[in-house]
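The following exercises concern a single protein model. Please examine the sequence and the structure before reading each solution.

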Amino acid sequence: MDTAHGGSILKGRAAPLVTLALALALALELAACDGAAGGAPRAGDTADAGNPGGAGTAGGAGTAGGAGDGGEGGAASVDAAAGSGGSGAGGDGGQGGEGGQGGALVWEPVETDWCSAGWSGLDDHTCFHVPETAARGAPILYVLHGTMAPDSLPVGLQAIAAEAAEALGVVAVFPRGRPGLCTWDPSVETSFCWPTRRETVDAAAPALIEAWMSAEALLSRILGQTFGRRYVMGFSNGGYFASYVALEGLVEVDGAGLVGAGRMVIEEHLFSQERPPIYIAVGAQELSSTIASAENLADVLTQHGWEHELVVHPGRGHEIRADDFTRAWETWIAAP
């Protein structure tokens with residue numbers, strides 16, 4: 001992977017995206033600026049990710065328990081707000097308007113509690129964060145949450161993802177799963193999930209991916225730029241779905257990360273011709289079924305010569321931390 005799309009993105013501080021205030025007036029003003037200025041907005045101030053609610057001083061987010069692949073009959077825990085331990089301020093978001101001058105989109109904010117401080121909403125179920133470190137043409141990173149109860153908010157995970165986006169110079173997108181996709185247990189039928197069973201992946205993934213691509217196209221118009229590369233990072237239930245995305249090429253990605261997840265049932269005949277590098281991480285104190293699924297996926301990838309890294313974090317349970325994003329990034333840019 002060449003440095004023009006990898007490590008050099010961290011050197012883009014000399015050409016940061018123009019600041020996007022959460023207030024509509026400034027957003028509209030930026031959208032109408034002369035395209036020659038090359039400016040693009042960012043999503044407000046970065047959340048304090050050092051101690052996001054109940055996430056702990058190490059910046060971790062997650063539940064105390066482990067999670068097996070619910071789509072494969074394993075035990076699955078509800079990731080309730082990714083261990084945020086607090087409620088978040090509703091972020092300002094945007095939806096499409098009439099095109100402005102210079103190719104930027106006149107963008108009208110939408111307020112949604114799904115987007116916590118430092119994030120903006122493209123709609124009521126998709127948030128984005130543009131750090132000051134993101135240069136024009138920065139990569140886009142999709143962050144997928146775990147199983148979440150209907151009244152939960154992803155404050156902790158969004159704080160960690162915003163911190164990671166700042167460090168890596170990427171534009172982060174945080175979509176929400178859909179209810180009805182947690183099919184392994186009636187108690188979570190109304191929770192927001194990503195599909196992890198073959199039948200639900202086949203039925204629901206196309207619409208989910210289409211929504212991602214629509215959001216990405218809108219964000220590209222709002223920022224007045226295209227994205228250099230695309231990555232996906234999933235935690236728990238979101239990690240299992242990220243494995244389908246990467247392994248089967250449901251959408252083209254240049255790297256994938258699975259934290260607190262893996263795969264036991266793998267349809268190798270559905271493997272994509274593209275082989276994006278994959279980062280897999282679990283805590284040593286996870287459920288044994290979760291650790292086994294991560295090790296199984298790593299074994300299969302090794303058999304196929306698929307670039308990947310498996311990390312078992314000592315002393316950790318079912319959680320994701322900022323260093324998972326950093327190590328995933330290193331895995332992605334180190335791949336040939």
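**Exercise 1.** In which loop does Ser236 lie?

*Solution.* Ser236 lies in the loop between strand S8 (230-235) and H4; helices (H or I, at least four residues) and strands (E, at least two) are DSSP runs, numbered from the N terminus. The model is predicted, with local features requiring pLDDT of at least 70 and side-chain atom pairs pLDDT 80 or more, while totals for chains, interfaces and linings use all residues. Residues are numbered from 1 along each chain as its sequence is written, and side-chain values use heavy atoms, leaving out hydrogens and water.

Next, consider the backbone. Most residues other than glycine have a negative phi. Ser236 is not a glycine, yet has a positive phi of about 55 degrees.

**Exercise 2.** Determine whether Ser243 is buried or exposed, and identify its side-chain polar contact.

*Solution.* First, locate the residue: Ser243 lies in helix H4. Second, apply the cut-offs: buried means under 20% relative accessible area, exposed over 50%, partly exposed in between (1.4 Å probe, protein chains only). Ser243 has a relative accessible area of 1%, so it is buried. Third, the side chain of Ser243 makes a polar contact with that of Arg263 at 3.0 Å. Such a contact is a pair of N or O atoms within 3.5 Å; within protein, one must be able to donate a hydrogen and the other to accept it, and residues adjacent in sequence count only if both atoms are side-chain atoms.
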